Each structure stands twice: as structure tokens, then as C-alpha cells.
Amino acid sequence: MSDSVQRYVIIGNGIAGTTAAETLRRGDPNCRIVLITDEPYTLYNRVALPPFLKLQVPESKVFLKNREFHEKNRIELHLETRVTRVDTHERVVYTREGKTFPYDKLLVATGGRPNPLRVPGAEHAQHIYNFQYLDDAKHISERIAESRVGVVTGGSYIAYELAEAFRSRGLETYWLIRGPRFLRYILEEDGGKLVDLIAREHGVHMLYGTTIEEIYPKNGSCTVRTNTGQHIDADLVGVGLGLKMNYDFLADTPIKTNTGILTNEYLETDVPGVYAAGDIAEFFDPFANTAYTMGTWASATRHGKLAGTNMLGGRQPYHDVPYYTSGLFDSRLSAVGLTPDVLPGLEAIHTVDWEKRNYRRLFFRDGRLVGAMLIGDLKPKAAYTDVIRSRKQFAESERAALLTI
Ligand SMILES: Cc1cc2nc3c(=O)[nH]c(=O)nc-3n(C[C@H](O)[C@H](O)[C@H](O)COP(=O)(O)OP(=O)(O)OC[C@H]3O[C@@H](n4cnc5c(N)ncnc54)[C@H](O)[C@@H]3O)c2cc1C
């Protein structure tokens, strides 16, 4: 290990990795920073991909950092470079392209890769798309322009974004959800009905208990056969079936993984000098007294800062209430703190105002408010964040009052 010039290597130039690089440079003007990504782009805003797909923002506005930023901050950026192996004993990162990068401290911020549609016929069909990368968005956008009918499969945020984009660009849109409602673990029946109402009003054909069983390719388009026996002719299929975390390249290391890479509250793995941040980190949250992964822009940004600070020798624990805010056709939704998709078994209460289309569901653990799901009016988000932070315990009889703050 070099005494003077520390060598930091970061795998993944998303918001977590790039924020960590920025933090490292600010804290240590002399260090060497290597930032590696298998994508061909400098940092762009994944949250801006849905507006880009809806033609609401141009490609140039999706980018957050350019090459000059990296040059100015002396961050050695390696694009289109895939890490295939890490030797944590010798402290070296190896890539598919044959490059090697020795490090003193390593950050893994590689996020997840979307699960493809694995049904008979899918591998031979042309226009089946995941939606994770800028290149996905560009390809989908080009295909929408020459399409009339779109099918979306999936019951979570990415499937929603695809269904909304297809509709907003004028496609007849079928949204296939395997479960009984959108976000089946976060919403209950009323919440599901409200989303259903909003989606149908926007012209989306909502099909629950429905999955794709087979794809029949047909002159560039395809026919989708569902488990319920329906046949839908589609020009393109959007797939939002979750992510698999990118940590295969750590297989030869003693770094512990579960859903993501396991870390403590300082984002350190159990191998000295190796950290994980962003979507990939299954980090210990001292607030909740448990470890989980969190796929939100805000928490990935926070992680990037924290990892950078702690790699510089700091000792800052994760101390945050994460949130995911998104559009919902002409409404909005926000998931704050912990929700049952992340941490099953939370107690819940809810209220719905059908006229105003407002919905709130609150989640408790050991009598403490740990999370909230809001649809429509998002103003109470800040108040709920404060209550979550306060860690105050509520008797069962006191909890309903929280639905009206
Ligand atoms: C379409 C879309 C809409 C979203 N909307 C919202 C929203 O409204 N609100 C919200 O809070 N969050 C949203 N998210 C989630 C949010 O974007 C993510 O939580 C966040 O971007 C994660 O950042 P990250 O830095 O951890 O990982 P990523 O952004 O996934 O970056 C990881 C990078 O590492 C690269 N990589 C992976 N493996 C390797 C390897 N072996 N070698 C080299 N490079 C590798 C990847 O290609 C990628 O470039 C959305 C995500 C998507 C896809």
C-alpha cells in the first residue's frame, strides 16, 4: 500500500459511484481516483429516462456530468469497461478488456441488471425491452414511433413507467400484472383500486393475475399469449420484472452477499478496504436495526457521499429516511422510509379519499412509524419523515390520528 498517494477504485459510475468520486476528490486533492463503467456514457439521470421516453426532455438534459467534469476533478473514467474479477487479497480489479487496477480502497456501486422476459419465443422476438439504461430508452423510443400497440409486463415502478410512456405516446396499451394489484406488497386493496381507476381513466387496459406465457414472433412484431388464454398482437413489449444485483465478479472473494452486497452502517463490507453503495448495497440501517437494499435515487446519492467520506477515513453511519417519489399518470406517489416490499411483516393502517383521489398507508414496527405510502397529496411527506426520524412509539389507539396529519 502506498503511504502518500491513496489509490481509490470505484466500479460503477451511476449516481452512487460518481458522487463518491466527487467526495473523494474534495477530501483528498492528491489521491488517484479510477471510475469504471461498462456503459458508454458519463453520469446520466436514470430518473429522467421516463420523461425522455415521453419526449418531455431531450437527451442532452438527461446527462448530469460530462467528460470535462472528470478531467477537471482528475477522475480517471474508463467507459465500456466491464469488471470481471476482484482479488481482495492482492487488492486488484480485473476487467474483460484486459486492464488491471490496483487499489488501496475499493467501492462497488454497480446497481442491478433487469431480469429479461424468459418465456418460449422471447429469445427470437425483436422488440422486447427492459428499461434500465439510456440505450434501452433510446431503443424503446425509436420503436414506439413506429408502433400502434404495446404490452407491458410487471407490477412495480418500472412497469408503470413503461405503461405511462406507451400511453402518453398514443399506443394502445395492455398492462399485465401477475398479482392482484400494482405494488401488491405496499398497497392493499383500496390503494390497488385507486391506481386501477387512475390507469383506466388514462386508457390503459389493466389485466391482473396475468403473465406472458409465450411470444409468437410475427413480421417484426409479435403475438403475446397470456396465462389466461388471451392473445394480444403487439408491436413492442416492455418488461419490468425486477433486478438482479451486479456482483458476479466478486464470486472469488470472501465478500458476503445476499440480495445485495452486505455492509455495516458505514457501508463497509466485511473485507477491509472494500465498500458498497447505492442499489447494490444491502446495508445495515441502525434506525430500523436491520439490513436491506434500497433502490432509490436519493439513497444512492446519500450512499455515494457516505462511502466517499468513510473511504477517506471518516466514520459516518447511515442515518436517513429514504424515499421514492414518482408520477402516477396525472397523480403522484411517494414511498417514504421502510415499506413491506423491503421489510415484510410491518403492521399497517390506511385511509383513502375517493373524491380527492388521496391515499395514505402507514407502516409500523414495534409501535414506531417506519414508513408511509402516499398517493395524490404528497404534502404530508415531510411530516411523516419527521415522525419516522423521531422514533417515537405509538400505542395502537394513537396510530389512526397519524393518518390525518
Ligand atoms: C427508468 C427508471 C426510473 C427510475 N425512477 C426513479 C424515481 O422516480 N425515483 C427514484 O428514487 N429512483 C428511481 N429509479 C431508481 C434509481 O435510478 C436508482 O436507484 C439509482 O440510479 C441507483 O444508482 P446506483 O449508482 O446505485 O446504480 P446504477 O445507476 O445502476 O449504476 C451502476 C452502474 O454500474 C455499471 N456496472 C454494473 N456492473 C458493472 C461491471 N461489472 N463493470 C463495470 N460497470 C458495471 C452499470 O452498467 C451502471 O452504469 C429509477 C430507475 C430507472 C431505471
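A polar contact here is a pair of N or O atoms within 3.5 Å; within protein, one must be able to donate a hydrogen and the other to accept it, and residues adjacent in sequence count only if both atoms are side-chain atoms. The model is predicted: local features need pLDDT of at least 70, side-chain atom pairs count only at pLDDT 80 or more, and totals for chains, interfaces and linings use all residues. Residues are numbered from 1 along each chain as its sequence is written, and side-chain values use heavy atoms, with hydrogens and water left out.

| Protein atom | Ligand atom | Distance |
|---|---|---|
| Ile 15, polar backbone atom | oxygen | 3.2 Å |
| Arg 46, polar side-chain atom | oxygen | 2.7 Å |
| Gly 295, backbone N or O atom | oxygen | 3.3 Å |

Taken alone, the ligand exposes 1,000 Å², and the protein buries 96% of that (accessible areas by the Shrake-Rupley method with a 1.4 Å probe; for residues, only the protein chains shown count as cover). The ligand is surrounded by 33 residues, the closest being Asp 38, Glu 39, Arg 46, Asp 279 and Trp 297; a residue is near a molecule if one of its heavy atoms lies within 4 Å of it.

Helix 1 (15-27), helix 8 (297-311) and strand 22 (323-328) each supply at least two residues of this shell. Helices (H or I, at least four residues) and strands (E, at least two) are DSSP runs, numbered from the N terminus.

The chain is divided into domain 1 (7-113 + 243-311), domain 2 (116-239) and domain 3 (323-404), with bounds from an automatic or database domain assignment. Domain 1 and domain 2 both give residues to the shell, so the ligand lies between them. Their centres, taken over C-alpha atoms, are 30 Å apart. In the contact between these two domains, 17 residues of domain 1 meet 16 residues of domain 2 (contact means heavy atoms within 4.5 Å).

Elsewhere, Glu 268 is found in the loop between strand 18 (261-263) and strand 19 (274-276). The side chain of Glu 268 makes a polar contact of 3.0 Å with the side chain of Arg 315.
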